[in-house]
Each structure stands twice: as structure tokens, then as C-alpha cells.
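Hi everyone, thanks for making time. Let me put the model on the screen, and then I'll walk you through it.

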Amino acid sequence: MSDIPLGVLDLVPIPSGSTAADALRNSIDLAQQAERLGYARYWFAEHHLNPGVAGTSPAVVLALTASATSTIRLGSGAVQLGHRTALSTVEEFGLLDALHPGRFDLGLGRSGGRPPGEKAAPLPTATPVVDGRAPNGLLIPPRFSFEYLLRSPRIALQRKLLLLPNAESQDYAEQIDDLLSLLAGTYRSPEGVEAHVVPGEGADVEVWILGSSGGQSAEVAGGRGLRFAANYHVSPATVLEAVDGYRAFFQPSEFLDKPYVSVSADVVVAEDDASARELATGYGPWVRSIRTAEGAIEFPTPEEARAHAWPDEDRALVQDRLDTQFVGSAGRVADQLEQLQEATGAEELLITTITHDHADRVRSYELLAEEWRRRGHSFRSG
């Protein structure tokens, strides 16, 4: 297990009392620090209509960050294709690659693409889970249902605002095929008309599919021989289904001859366990705001978080995320990350950390990098 790189997933969170501009400056600084510390990748998520998250456009934030860094790979985690086209995505990343060649990961997701009422695909799994634990003891909590979020008026409004009137999302598998052919320069319409994207065609980008289950995203990633990123930090109950499904569907391709998986984890590291728990105090109210569909709030201070009243239904809403957040000293968190890697067989791990103070966030990544390297892990990506 000596070559397990760590990457960073950044939502560009806005701490309480600060602004979106502050959050963007903090994220660019964190990317510079991650490059200095040896992290393999730095990815930006895409979220909309969230008062406490400034990461609305991965491509724009990537352009700003690429100009402030020089070696670390940068990517989207993920561009949400439910309200975009293959062409617009290839054009954006083609522009990025034209000025910063060979540095970008094009991570693709389908969020926003499944309308209410459409059922998710079956969830294949090969790894047994007994009493809420994987064979090596990794916690696999009860499944959280996202169906009511899909029916939320705020989510419906988001979909309405992101899609043109009367527009429907393209089938995800077809969209991925179009995107790959546009990148390769082999696109042909059903009528035989060629399309060549400049810049974009031939761009040296690494394509990833992100998914939280063993359904369509895992099937598309595996069937086309692409890299796959699974979300333990978003849906810990289904992470094993996701990676097992991907590997079951995998077919060798021009991109990969065997499966390649990254798995995300929510992490807070400090000098000792008690300090880390204090820094993570705001996580519960923040997750609650997301899961009630009100939109992510500005990340609270520990004092603000402690003032939040916790009825039983609120705690039940976020318990799986609280139980699977890795919080503590660098040694404790590194142990948990090694357990996550062992349970999922991941080739890489993707770390997302949110604290109220930027300095604490940078320090968390710094302490983790030092411990990871001390244990002999390489930061080289595959």
C-alpha cells in the first residue's frame, strides 16, 4: 500500500462572517499549500443556490487556480452534466488545457440529470456488510434516502434555473460518449456531419466519472474503461456498492487496462483529538442545512454550532455523516484512511476538509500530509 496518493476536494466553503471573495482567495491559497505539501490533485466541486458555498463553476475556479499554481493536477469534482452539454464542457476544458496543458482532470457527474420519480439503477455489490461494518471494520451506516431532496421545491427551482425552458437532459451514457468523441476528434452526427472543437479536440485531460452508487455512473465509467471516484463522504452507506459495481462493469480501454478508483473522505486533523473535535463542531449544522434542502449555510464557528438546537429528527438526518467523518490527530485519521483504502481497494484517496478558520484548514492538510509521508505512502498519482 505504498503508492496511495492523497488529493483534495474543495467546495469553496464560505465561513460565517466572511464573503464569497474571501472563500475564493482561501481556496486558491489552499491549492498553493497543497501543491507545496505534495498532494496529487486538487478538485473543485460544483454546487448551486447554496449561501455558504462559492464553488458554482469548476472551470472558472480552475482557471484562476491554474494561474496561481504550477505542478499540482487540477480538476472538477464534478462538472454536473444534467444541465450542460458535452460540447460546452469540452470547450471549457479545452480552453484550460490550451494555456496549462496536461494538468487537468475532467471529473463528470450526473447530478441534476435525474428528474423526480425516475428510479435509480440497481446497486450491485460483492463486499459483505455485517452489522454495519465492512470485513475490515470500516463503518457502513444505514442507507440515507435522497428521494425527498429530489422532490424539494428548492431543487426543482435549481433545475428550472439551470435548464433552458422545455429542455431535457441528454441520456447520461450518450452524453459521455459524445464528450469522449469530441475530445478524440471522432464525433459524427447521425447524419454523418463531423464536429471539431477548437480548443478542446485532443486536449490532454484525464476523464473521471464520479458516482455515489453502483448504478448508471459506475456502469458508464466501468463500461468505457474510465477512472471512477466514489463518495464515502457524501453517501457512506453505498461506497462499497459503488466501487464493486464499477469493477464489475469494467472493460479495458485505451484509457486504462484495469480499474482505477479514488474514494473521498471528510477529514479534520489537528494537533490532538480534542482540538480536532472542536474544529469539526460546525459540521453537523452544516450537513443538516444541506439535507433539509435549504442550501448549505455559511460554515459556523464552534460557538455558533453549539448554539444550534438539536431535535431528534435533526440528529437522525446527519448521524451517518457525523459517524463517518474522520476527526482527530494525524495518526488517528491516517489509521482511518488506511482502513477506508483497504475496504474499498482504492488506488487514491480524496480529502475534503472544512473548518471555520482558513489557517486551521491549511494546518489540517499539512499535518495529514506529514503523517502520510511518515508512514511511507507515496503521493505519486497513477
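Some housekeeping. This is a predicted model, where local features need pLDDT of at least 70, side-chain atom pairs count only at pLDDT 80 or more, and totals for chains, interfaces and linings use all residues. Residues are numbered from 1 along each chain as its sequence is written, and side-chain values use heavy atoms, with hydrogens and water left out.

So, the annotation. An unreviewed UniProt entry carries "domain: Luciferase-like" over residues 6-115 and 184-344. UniProt positions are in the numbering used here, feature names are shortened, and annotations may be inferred rather than shown by experiment. For residues 184-344, the end C-alpha atoms are 31 Å apart, and the span is 42% helix and 15% strand. When I say helix (H or I, at least four residues) or strand (E, at least two), I mean DSSP runs, numbered from the N terminus.

Now the rings. Rings of Phe, Tyr and Trp (its six-membered ring) pair if their centres lie within 6.5 Å; planes under 30 degrees apart are stacked, over 60 edge-to-face, and the rest tilted. That gives 9 aromatic pairs. One of them is Trp43 with Trp208, edge-to-face, at 5.2 Å centre to centre and 80° between the planes. Trp43 is in strand β2 (residues 41-44) and Trp208 in strand β6 (residues 205-211), so this pair links distant parts of the chain, 165 residues apart.

Are these two buried or exposed? Buried means under 20% relative accessible area, exposed over 50%, and partly exposed in between, using a 1.4 Å probe and protein chains only. Trp43 comes out at 1%, so it counts as buried, and Trp208 at 0%, so it is buried too. Another edge-to-face pair is Tyr246 and Phe250, at 5.9 Å centre to centre with 75° between the planes. Both Tyr246 and Phe250 are buried.

Back to the tryptophans: ring pairs link Trp43, Trp208 and Tyr260 into a cluster. Over the face of Tyr260 lies Arg227, 5.3 Å from the ring centre. The rule for a charge over a ring is NZ of Lys or CZ of Arg within 6 Å of the ring centre and within 35 degrees of the ring normal.

On a 1 Å grid over the protein atoms alone, a cavity is a set of points where a 1.4 Å probe fits but cannot get out; a pocket is an open set with protein on both sides within 12 Å along at least five of seven lines; lining residues have an atom within 4 Å of a point. Grid points are joined across faces, edges and corners, and a volume is the space filled by probe spheres set on the points. The count is 1 cavity of 30 Å³ or more, and the largest cavity holds about 60 Å³. Its lining includes Pro13, Asn26 and Arg361.

The second largest pocket has about 270 Å³ of space. Of its 13 lining residues, Leu180, Leu183, Val207, Glu254 and Phe255 lie nearest the centre. Helix α6 (172-184) and strand β6 each give two or more residues to that lining.

Finally, the backbone. Gly77 to Ala78 is a cis peptide bond, omega near 15°, and Ala78 is in the loop between β3 (73-76) and β4 (79-80). Val198 and Pro199 are also joined by a cis bond, with omega about -10°; Pro199 is in the loop between α6 and β6.
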